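Biologist: I would like to go through this structure term by term. Please set each value against its cut-off.

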Amino acid sequence: MDAILLNQFGSVTELQSVRVDRPALKPKQLLVANHAVALDPYDVKFVMGLMGEAERLPLIPGSSVAGEVVAVGAAVTDFQIGDRVAASRHHQTYAEFVPVGQSALAKVPDNLSDVTAAASVLGAATGYQMMTRDLDIQAGEKILIQGGTGSVGTTALQVALMRGAEVYTTANSRNSAFLEQFGPVHCIDYKTAYEQTLSGFDAVLDSIGGETAVKSAKILKPGGRLRNLSNDAQLEDLSHRYQIDAQNSFATGKGDLLQELFTLIAQGTIKIPIAEVLPFSQNNLQQAHHALRQSRPLGKIVLEQ
């Protein structure tokens, strides 16, 4: 099969087209003919060498897949050949065929494109998980979402609004109009000292960490909840200092949660911004990785094959 291999960290030119054998399936895995992959910040940082695992190189990177089931493992019970599915998985998705564990897969609704499905499986699914599970946002609560223009943030703020929360989000001030299309969101310029004027928040979702986590802690009321996606080591100290519940959270990558999100997207309740769709090729993948090192578009870049 065709695949893109990362030989070593660094330049985008290390992403090279190769021919490799189709993956052998484990009993609870399915083989998916890959129709679309999205580029996530994790993918970009991994190729740059910022996410570790050098001992595993060379490997096929990529963390999203949307396509059609073409083979099933002996212990698979919930899917069959011909199903349209999507999932996030750790590497191996820059390829013609992708093995995926059945617990990570969700069926793609008929009115949802492969492009939108692929764009939803990591960042959007994480934002949905944070609002519905980790923070469990309730009606009437006041919440701040750090970094509202990313895929985690745009989905999180929509889910929080759907649940009846009062939603604030930080972003570059020039992106206020983009964020306000999702509903009555209070946009805060992330460059300002907003921690000196905001207070009384019930919850904060922080995907940045560092000084941003400190600012997040300062605006929470006692007992408020802070969930951080950057594996920040200072959260225990912040919990004691500000009398809050500050914890690191991580995406579970579970198919049942993704299935819930797909239902909302198919209904039009949640919107997934797409910045650009390109044919899947070595050159386009390299160029997209290069572009994402320079700036972040408002929406996902997706490669379709």
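This is a predicted model: local features need pLDDT of at least 70, side-chain atom pairs count only at pLDDT 80 or more; totals for chains, interfaces and linings use all residues.

Modeller: Residues are numbered from 1 along each chain as its sequence is written, and side-chain values use heavy atoms, with hydrogens and water left out.

Biologist: Why is Leu-205 called buried?

Modeller: Buried means under 20% relative accessible area, exposed over 50%, and partly exposed in between (1.4 Å probe, protein chains only). Leu-205 has 1%, so Leu-205 counts as buried. Leu-205 belongs to strand 11 (residues 201-206). Strands are DSSP runs of E with at least two residues, helices are runs of H or I with at least four, and both are numbered from the N terminus.

Biologist: What is Leu-205 in contact with, leaving aside neighbours within four places in sequence?

Modeller: Contact means heavy atoms within 4.5 Å. The partners of Leu-205 include Met-130, Leu-144, Val-152 and Leu-229.

Biologist: Is Thr-116 buried or exposed?

Modeller: Its relative accessible area is 17%, so Thr-116 is buried. Thr-116 lies in helix 2 (residues 114-120). Beyond neighbours within four places in sequence, Thr-116 touches Ile-265 and Ile-272.

Biologist: What makes the pair of Phe-9 and Phe-46 edge-to-face?

Modeller: Rings of Phe, Tyr and Trp (its six-membered ring) pair if their centres lie within 6.5 Å; planes under 30 degrees apart are stacked, over 60 edge-to-face, and the rest tilted. A search of the whole structure gives five aromatic pairs. In this one, the centres are 5.3 Å apart and the planes stand at 85°, so the pair is edge-to-face. The pair links distant parts of the chain, 37 residues apart: Phe-9 is in the loop between strand 1 (2-6) and strand 2 (15-19), and Phe-46 is in helix 1 (residues 41-48). Phe-9, Tyr-42 and Phe-46 form one aromatic cluster.

Biologist: Why does Phe-9 count as partly exposed?

Modeller: Phe-9 has 22% relative accessibility, so Phe-9 is partly exposed. Phe-46 has 1% and is therefore buried.

Biologist: How do you know that the charged end of Arg-22 sits over the ring of Phe-97?

Modeller: The test asks for NZ of Lys or CZ of Arg within 6 Å of the ring centre and within 35 degrees of the ring normal. The charged end of Arg-22 is 3.8 Å from the centre of the Phe-97 ring and sits over that ring. Lys-142 sits likewise over the ring of Phe-201, 4.6 Å from its centre.

Biologist: Why are helix 3 and helix 8 called roughly perpendicular?

Modeller: Axes are lines fitted to C-alpha atoms, for helices over the stretch in contact, with angles from 0 to 180 degrees between N-to-C directions. Under 35 degrees is roughly parallel, over 145 roughly antiparallel, 65 to 115 roughly perpendicular, and the rest oblique. The axes of helix 3 (residues 123-134) and helix 8 (residues 255-267) come within 10 Å and cross at roughly 100°. The two helices are therefore roughly perpendicular. Residues of this contact include Tyr-128 of helix 3 and Leu-261 of helix 8.

Biologist: What makes Asn-231 exposed?

Modeller: Asn-231 has 53% relative accessibility, so Asn-231 counts as exposed. Its phi is near 55°, a positive value in a residue other than glycine. Gln-243 also has phi near 55°. Gln-243 is exposed because its relative accessible area is 58%.
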